[in-house]
Amino acid sequence: MIRWWVLSLQLAELFVSSIVHMLYGLYIFSSAVAGDLSQALNECLFKANNTNVVVKEDVPKGTSTNVDSLPPIVLVHGIFGFGKGRLGALSYFAGAEKKDERVLVPDLGSLTSIYDRARELFYYLKGGQVDYGEEHSKACGHSQFGRVYEQGNYPEWDEDHPIHFVGHSAGAQVVRLLQQMLADKAFEGYENTSEKWVLSITALSGAFNGTTRTYLDGMQPEDGRTMKPIGLIQVCRIGVIIYDWFDIPWLKAYYNFGFDHFNMSWRKIGFRGLVNGLLGNSGPFSSGDWILPDLSIQGAMQLNCHLNTFPNTYYFSYATKRTRKILGITVPSSILGIHPLLFIRVLQISQWRHPPDVPPPYKGYRDEDWQDNDGALNTAYMTHPRLPIEHPSCFVENDSECQPLQPGIWYYKIVEADHILFIVNRERAGVQFDLIYDSIFERCRKHIFRKDPPTLPNEAHQ
């Protein structure tokens, strides 16, 4: 009887979560469509009323040259995110890209793995056809080559022309993996890459060490890779497979999950391929080459084993938190201040307990360390890479105390915000939105410069 009662509660929670997420997705999609229609209508009316008017703007001499000399700031979106060119005029970063003269917002796979997205980001900047690597592609069952960028968005990118990266959520891990790939010279035909191509990395709610939410959403806590038979992730999996199978050109041009290299269209796999995908016999959800396994604690640890914090790069992190303790119990810190999409998850993550019959993901794991959260990620593990090895870090209360900045150290702050406060909807964050992004861009432009690392005593010339 108790088992049936628990199952009915789980199904009710799954139904509510599915409806909330679906409604939010429809809200974002309809907002983008409405914005595009409004913009198109305004342009038509403007042209009709100003057919004979020619506006000539005076551009200050040398302005273009000055802007071109600035290192780009690249904003990298997180899970279910999108870049410039998707969802019409809607901005994933809520227009933050307009705060600086030279900002790039790449469109990467919204549900593809950290690895695949890092490869896509490289070719987005340098140009050429995305090469996922022969060995990786065979192991994961997808095409080796993907999208073609006829012209890179920053083809001159090299050690003398480095880049600032700002990653939200999983986007922070994408950038870290890309930097490691550059250090490992992992791109065929580019033998001169190095970690010095990256000037700074800033993380907004960075998914450095995984999250316990993956288990709540339907990943198995035993391994962090396989999915439970029933869960929000299963609903998502089915929806994505059907969406990609129908392969409606105008719809996928508007929003794409990023699985084109898996060839899931009905034109290529037919009805039988759809059935195989739904049964879990093929596709990204079968091979594990998608984002959620990378966001489990086990997946993040496996990834972090190969990622370094480099001595010539500046690192910054803003960890977000929407919980507080009352009588020793962690609960949501606000009701109105937390987005409806995340409120239930803030409560659930704060009460998460690792199953007692399942080995913990690492030695020394404690449930209480993972209770504070922002509705998606656990606050203490957003600050900097900590698993399986803790990287150098410095908690920042006052920016002036950290001057001059030193490379090779993760400077981090903890901000009272939920996971999506600084994206999509600028009005929700209010003044805090401007404070965060203004400080990021100002730091990139005024305080971060490439300089040679100090010579250690044992390296001094004798």
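Which residue forms a salt bridge with K99, and how far apart are the closest N and O atoms? Hold that thought for a moment while I set things up.

What we have here is a predicted model, where local features need pLDDT of at least 70, side-chain atom pairs count only at pLDDT 80 or more, and totals for chains, interfaces and linings use all residues. Residues are numbered from 1 along each chain as its sequence is written, and side-chain values use heavy atoms, with hydrogens and water left out.

Okay, back to K99. Its partner is D434, with the closest N and O atoms 2.8 Å apart. A salt bridge here is a side-chain nitrogen of Lys or Arg within 4 Å of a carboxyl oxygen of Asp or Glu. This pair links distant parts of the chain: D434 sits in helix α15 (residues 431–446), K99 in the loop between β1 and β2, and they are 335 residues apart. When I say helix or strand, I mean DSSP runs, numbered from the N terminus: H or I with at least four residues for helices, E with at least two for strands. D434 is partly exposed, at a relative accessible area of 25%, and K99 is partly exposed too, at 27%. For those words, buried means under 20% relative accessible area, exposed means over 50%, and partly exposed is in between, using a 1.4 Å probe and protein chains only.

There's a second link of this kind. D100 forms a salt bridge with R445, and the closest N and O atoms are 2.8 Å apart. D100 is in the loop between β1 and β2 and R445 is in helix α15, so the pair ties together parts that are 345 residues apart in sequence. Both D100 and R445 are buried.

How many salt bridges are there by this rule? The count is 18. One of them joins D247 to K252, where the closest N and O atoms are 3.6 Å apart. D247 and K252 are both buried. Salt bridges with shared partners join D244, D247, K252, D260 and R267 into one network.

Now the sheet. It's an open one of seven strands, in the order β2-β1-β5-β6-β7-β11-β10, with parallel pairing. Two strands pair if DSSP finds at least two bridges between them.

Let's zoom in on β5, residues 163–168.

On one side, β5 pairs in the parallel sense with β1 (residues 73–76) over four bridges, and V76 stands opposite G167. Six bridges join β5 to β6 (residues 198–204), again running parallel, and here G167 stands opposite A203.

A417 is buried, with a relative accessible area of 0%.

Out to the surface. F15, V16, I19, M22, L23, L26 and I344 form a nonpolar patch, with about 660 Å² of accessible area together. Patches take residues with over 30% relative accessible area and no salt bridge; like charges are joined within 9 Å, and nonpolar side chains (Val, Leu, Ile, Met, Phe, Trp, Tyr) within 5 Å. Helix α1 (residues 2–49) gives the largest share, six residues. M22 lies in that helix, α1, and is partly exposed at 49%.

Last one: cysteines. Taking a disulfide as a pair of cysteine sulfur atoms within 2.5 Å, the count comes to zero. For C305, the nearest cysteine sulfur is that of C140, 18 Å away. C305 is exposed, with a relative accessible area of 54%.

Methods: Accessible areas come from the Shrake-Rupley method with a 1.4 Å probe; for residues, only the protein chains shown count as cover.
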